[in-house]
Amino acid sequence: MEETTTKQDRLIDTGVNRGPELAYLVAVESDDQDTMWSAEDSLTELGILAHTAGAKVAGTMIQRLPHPDGSTYVGKGRAQELSALEKQLGLDLIIFDDELSPTQQRHLEKMLDARIVDRTALILDIFAQHARTREGRLQVELAQLEYRLPRLTGHGTELSRQAGGARSGGSGIGGGAGGAIGVRGPGETRLEIDRRRIRSRISSLKEDIEDVRTQRQLHRQQRAAQAIPVVAIVGYTNAGKSTLFNTLTEADVPAENKLFATLDPVTRHIVLPGNQEVLVTDTVGFIQKLPTKLIAAFRATLEEVIDADLLLEVVDTSHENAIEQNETVNEILGELEANDKPRVTALNKTDLLADPNELDVSLYPNAIPISALQKKGLDTLLEKISTVLAKSMVAVQILLPFNKGDLVELFHRRGYVDSEQHTAEGTLIVGRIPQALRGYYIPYSRALHR
Ligand code: GDP
Ligand code: MG
């Protein structure tokens, strides 16, 4: 019986057939962690992720250790406690707040009956749930397989459990292995076959993603040639990026109080107050402990961020971890080498603040308080975007004859007009224009008087 992927790829039974699955959350607070996040806050977030994936949280455990235990992550004693708890509470899943090593995963699977899930697998599961476009699906599948490959073990039981289990251990490949009989080579173990299948799928996915990437690159080059600046909306997951995107572009990207509702980048055209045109892109949200490999898997998507002319960071000011979230966003932008791009910060959800005056605007670059939901502060935000974009353009003073009305119009659409005067000889514009369009205006330039 050949199974198709996607559905079987879900890690968690969302309770269509019975109630939602019961999960227990486990974190280790250690000296190894180089983060502003407390274990408690990180675990709270893990709970929201678990909820987003469709599970119900039955309880949490935090263990303080100098370092996470090499074989059981929480330490043997605590792992035994979990074993007692899973029987007592009837747990389906135990979710760990860090990525488990293959060794830790194996040991825990031996000690516990509930399924062992780590933060990475959970995030991947949510990604799989939300991928809509072909590109998004390719990227999620690649990330899932790369995660799974080192975790396959010689124990045939694990695979057959995944392949045949009513509840699906979460492995599309495990499921697919059921159809592997025809391709089984002489003397190959089941494990070798599975590894080979995964590796070949990984390389074909990489090729497909490369094609998508080339296409995107072409699009970006076309856009660059037209000198339409691209504004990429970035920020922590659930900060309100899609809500802001929808409000600005009158689009209808789903905005949900769930993490990672947007996986595929969407781009729309908008006009700024001074008539300047820009393209705005909504992107997947960032989250702490997002493994670097996962970021790499989403590189094609994140290239929109890398290539943007301006980053519009959305911060959920009502969140108690707003500062930690911003720190995480900066770290990830750093990994993408996008940290020194021009940036405007939308301090969002000010409608939820008891006292909006307490906002420390100085903490963020070019910060403007807004409420995307109540459509407040948006004009000021757009003006800020316009002036920050203008800084990366070239200052010019030009005198365009009356028969060059098209160039006047182009200037308004692509450039930033400081002043415009209609004189006897033509239109005198002082302003800024993208470097790519400079050439059109050189014949009409006048010396700049500052
Ligand atoms: P994203 O993950 O950053 O794209 O966030 P979404 O746009 O999906 O929004 C996440 C949640 O925050 C949704 O429930 C939105 O309705 C809510 N939200 C977004 N902006 C605001 C705002 O300005 N005020 C309030 N109160 N809620 C907001
Ligand atoms: Mg979104």
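# Close-up views of the predicted model

**View 1. R213 and E210 stand three residues apart in helix 8 (residues 190–226), so about one helical turn separates them.** Helices (H or I, at least four residues) and strands (E, at least two) are DSSP runs, numbered from the N terminus. The two side chains form a salt bridge, with 3.8 Å between the closest N and O atoms. A salt bridge here is a side-chain nitrogen of Lys or Arg within 4 Å of a carboxyl oxygen of Asp or Glu. R213 is partly exposed at 26% relative accessible area, and E210 is also partly exposed, at 40%. Buried means under 20% relative accessible area, exposed over 50%, and partly exposed in between (1.4 Å probe, protein chains only).

This is a predicted model, in which local features need pLDDT of at least 70 and side-chain atom pairs count only at pLDDT 80 or more, while totals for chains, interfaces and linings use all residues. Residues are numbered from 1 along each chain as its sequence is written, chains are lettered from A and ligands numbered from 1 in the order in which they are written, and side-chain values use heavy atoms, with hydrogens and water left out.

**View 2. E21 and R115 form a salt bridge between distant parts of the chain.** The closest N and O atoms of this pair are 3.1 Å apart. E21 belongs to the segment before strand 1 (22–29) and R115 to strand 4 (residues 115–118), a separation of 94 residues. Both partners are buried: E21 has a relative accessible area of 0%, and R115 has 13%.

**View 3. R64 pairs with E40 in a salt bridge.** Their closest N and O atoms lie 3.3 Å apart. R64 is in strand 2 and E40 in helix 1, so the bridge ties together parts that are 24 residues apart in sequence. R64 is exposed, with 52% relative accessible area, whereas E40 is partly exposed, with 36%. A search of the whole structure gives 18 salt bridges. Elsewhere, E45, D97, D98, R119 and K289 are joined in a network of such bridges.

**View 4. Helix 1 (residues 39–53) crosses helix 4 (residues 119–130).** The two axes come within 10 Å and cross at roughly 40°. Axes are lines fitted to C-alpha atoms, for helices over the stretch in contact, and angles run from 0 to 180 degrees between N-to-C directions. The crossing is left-handed; that term applies if the near helix is turned anticlockwise from the far one by less than a right angle, and right-handed applies if clockwise. On the helix 1 side, the residues that meet helix 4 are S42, E45, L46, L49, A50, T52 and A53. Their counterparts in helix 4 are R119, L122, I123, D125, I126, Q129 and H130. Contact means heavy atoms within 4.5 Å. E45 and R119, listed here, are also members of the salt-bridge network.

**View 5. Y73 and E337 have positive phi although neither is a glycine.** Most residues other than glycine have a negative phi. For Y73 phi is about 65°, and for E337 the value is near 55°. Y73 sits in the loop between strand 2 (56–64) and helix 2 (76–89), and E337 in the loop between helix 12 (322–335) and strand 9. Y73 is buried at 1% relative accessibility; E337 is exposed at 71%.

**View 6. M36, I323 and L363 make a nonpolar surface patch of about 280 Å².** Patches consist of residues with over 30% relative accessible area and no salt bridge; like charges are joined within 9 Å, nonpolar side chains (Val, Leu, Ile, Met, Phe, Trp, Tyr) within 5 Å. Accessible areas come from the Shrake-Rupley method with a 1.4 Å probe, and for residues only the protein chains shown count as cover. L363 is in the loop between strand 9 (343–348) and strand 10 (367–369). It is partly exposed, with 47% relative accessible area.

**View 7. L145, in helix 5 (residues 134–148), is shown with R201.** L145 is buried at 2% relative accessible area.

**View 8. The whole chain is given for context.** Its secondary structure comprises 15 helices and 13 strands. Of its 450 residues, 52% count as buried. The chain exposes about 20800 Å², with 50% supplied by carbon and sulfur atoms.
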